[in-house]
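Let us walk through this structure together, one feature at a time. Please have the sequence and the 3D view ready.

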Amino acid sequence: QVQLVESGGGLVQAGGSLRLSCAASGRTFSNYGMGWFRQAPGKEREFVSRISWSGSLTYYVESVKGRFTISRDNAKNTVYLQMNSLKPEDTAGYYCAADGTAYSDTDYYNREYGYSYWGQGTQVTVSS
């Protein structure tokens with residue numbers, strides 16, 4: 001059974017940084033692409049970033065490009081989201097997601113239905 005557990009959220013002032021972690025278990029982590037989504041109160045869940053199974057491809061929503069960096073450590077079965085220069089509009093619950101198919105470079109990487117497994121989320125609050 002695949003499990004994803006996020007950590008690293010918290011309260012930070014605008015301009016600050018946080019690093020989110022998502023620890024995966026239940027299968028061979030290195031074979032699967034991973035993504036991050038976020039959901040602010042009253043808004044739909046939106047794509048934030050994705051890293052391919054090989055780690056060679058990364059994708060970002062336009063609003064976080066140049067500020068957020070996704071990475072993975074296959075030895076630790078963990079994917080990270082380094083968030084710098086945080087803004088109040090980054091305030092949201094952040095969710096880790098994992099592909100259902102191994103070695104997939106899905107065309108739907110920025111859609112919720114492109115992923116089969118989800119974590120419970122970690123809250124990020126950025127104060128102005």
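Rings of Phe, Tyr and Trp (its six-membered ring) pair if their centres lie within 6.5 Å; planes under 30 degrees apart count as stacked, over 60 as edge-to-face and the rest as tilted. Before going further, please note that this is a predicted model, in which local features need pLDDT of at least 70 and side-chain atom pairs count only at pLDDT 80 or more, while totals for chains, interfaces and linings use all residues. Residues are numbered from 1 along each chain as its sequence is written, and side-chain values use heavy atoms, with hydrogens and water left out.

By the ring rule, the count comes to 8 aromatic pairs. In one of them, the rings of phenylalanine 47 and tyrosine 109 have their centres 5.5 Å apart and their planes at 70°, so this pair is edge-to-face. The two residues belong to distant parts of the chain, 62 residues apart: phenylalanine 47 sits in strand β5 (residues 46–51) and tyrosine 109 in the loop between β9 and β10 (117–118). Strands here are DSSP runs (E, at least two residues), numbered from the N terminus.

How hidden are these rings? Buried means under 20% relative accessible area, exposed over 50%, and partly exposed in between (1.4 Å probe, protein chains only). Phenylalanine 47, with a relative accessible area of 9%, is buried, whereas tyrosine 109 counts as partly exposed at 23%. Tyrosine 109 also forms a stacked pair with tyrosine 59, at 4.0 Å centre to centre and 25° between the planes. This pair, too, links distant parts of the chain, since tyrosine 59 is in strand β6 (residues 58–60) and tyrosine 109 in the loop between β9 and β10, 50 residues apart. Tyrosine 59 is partly exposed, with a relative accessible area of 24%.

Next comes a link of another kind. A disulfide is a covalent bond between the sulfur atoms of two cysteines. Counting a pair of cysteine sulfur atoms within 2.5 Å as a disulfide, the model has 1 disulfide. Cysteine 22 is joined to cysteine 96, with an S to S distance of 2.1 Å. Cysteine 22 lies in strand β3 (residues 18–25) and cysteine 96 in strand β9 (residues 92–98), so the pair ties together parts that are 74 residues apart in sequence. The torsion about the S-S bond of cysteine 22 and cysteine 96 is about -75°, so the disulfide is left-handed. Both cysteine 22 and cysteine 96 are buried.

Now turn to strand β7 (residues 68–73). In a regular strand the side chains alternate between the two faces of the sheet. Strand β7 pairs with strand β8 (residues 78–83) in the antiparallel sense over 6 bridges, where DSSP must find at least two bridges for strands to count as paired. Phenylalanine 68 stands opposite methionine 83 in β8. The hairpin of β7 and β8 has 4 residues between the strands, and asparagine 77 there takes a positive phi near 55°.

Positive phi values turn up in loops as well. Serine 85, although not a glycine, has a positive phi of about 50° and is placed in the loop between β8 and β9. Tyrosine 103, in the loop between β9 and β10, has a phi near 55°.

The search finds 1 cavity of 30 Å³ or more. Its lining includes Val2, Phe29, Met34 and Ala98. Methionine 34, in strand β4 (residues 34–39), is buried at 1% relative accessible area. The C-alpha atoms of methionine 34 and alanine 98 are separated by 4.6 Å, although the two are 64 residues apart along the chain. As for the largest pocket, 13 residues line it, of which Arg38, Ala40, Lys43, Glu46 and Glu89 lie nearest its centre.

Terms used
On a 1 Å grid over the protein atoms alone, a cavity is a set of points where a 1.4 Å probe fits but cannot get out, and a pocket is an open set with protein on both sides within 12 Å along at least five of seven lines; lining residues have an atom within 4 Å of a point. Grid points are joined across faces, edges and corners, and a volume is the space filled by probe spheres set on the points.
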